[in-house]
Amino acid sequence: GRLVIATHNPGKLAEMQELLAPHGVEVISAGELGLVEPEETGNTFRANAAIKAMAAAKTTQFPAFADDSGLVVDALDGAPGIYSARWAGEGKDFTAAMTRIERLLQERGATAPEQRKAHFVSALCVAWPDGHLEEVEARADGTLVWPPRGTAGFGYDPMFLPDGHTRTFGEMTSIEKHGLPPIGLGLSHRARAFVKLAEICLG
Ligand code: ITT
């Protein structure tokens, strides 16, 4: 069938398309359809994923797939969390957002790796035009490094060193970041959430 990917983030879109590729669904992005971004008024990743998926399903009358995600930093009481995109501002300046995190960590004296624990969260939601929803959530644990390393990926990838690895997400290809082979058997939060979702509804 056909599935609308309800994201305006090109980095996410590429990853979601790669994860969906083996499932034989025809995907159309929110950008191609000119969909308006709904306001993310939820207090949780799940709520915001549902807002985005439901809005796209309602507008297009096709099933829609959304991700709401973010970086949760232990020493910063969970910030930026659901505000991860908003910390980069209108200009989507993630260098500035990463610098802000580093400055706050330094202010708290968080210099040792064990004081710099963080995890990414991905909440995925598929919404159908009739209002049915499927939701899953997963996380990837790691440590924040400074300075940022690598130019692959997007967002906070260059400062995130996943547990058990020596390279940051910014130093990995998207395939490595998913945790291949086989597709989706997960390293990243998004790939792990995708595995759960595929078990429920992609077959
Ligand atoms: P859409 O709502 O249109 O999907 P967005 O970028 O606004 O795009 P979110 O509200 O879910 O999406 O914000 C999540 C932010 O968290 C995102 O902009 C990234 O900066 C960060 N993030 C999420 N997953 C990430 C990943 O795999 N690697 C690096 N940063 C990530």
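Mentor: Helices (H or I, at least four residues) and strands (E, at least two) are DSSP runs, numbered from the N terminus. Residues are numbered from 1 along each chain as its sequence is written. The model is predicted, and local features need pLDDT of at least 70, side-chain atom pairs count only at pLDDT 80 or more, and totals for chains, interfaces and linings use all residues. The protein chain averages a pLDDT (the predictor's confidence in each residue, from 0 to 100) of 94, with 96% of the residues scoring at least 70. The model scores ipTM 0.98 and pTM 0.96.

The protein chain contains 6 helices and 6 strands, and along the sequence they follow the pattern β-α-β-α-α-β-α-β-β-β-α-α.

Let us turn to the ligand. A residue is near a molecule or strand if its C-beta atom, placed from the backbone, lies within 6 Å of it. The ligand is surrounded by 24 residues, of which the closest are Thr7, Asn9, Ser84, Ala85 and Gly155. Strand E3 (residues 64-73) supplies the largest share of this shell, 5 residues.

A residue is buried if 20 or more other C-beta atoms lie within 10 Å of its own, exposed if 12 or fewer, and partly exposed in between, with C-beta atoms placed from the backbone. Asp68 counts as buried because it has 27 C-beta neighbours inside 10 Å. Two residues are in contact if their C-beta atoms, placed from the backbone, lie within 7 Å. Not counting residues up to four places away in sequence, Asp68 touches Phe45, Asn48, Ala49, Lys52 and Ala123.

Gly81 lies in the loop between E3 and helix H4 (94-107). Gly81 counts as partly exposed because 16 C-beta neighbours fall inside 10 Å. Leaving aside neighbours within four places in sequence, Gly81 is in contact with Gly70 and Val72. From C-alpha to C-alpha, Gly81 and Asn9 are 17 Å apart in space, and 72 residues separate them in sequence.

For the chain as a whole, 42% of the 203 residues count as buried.
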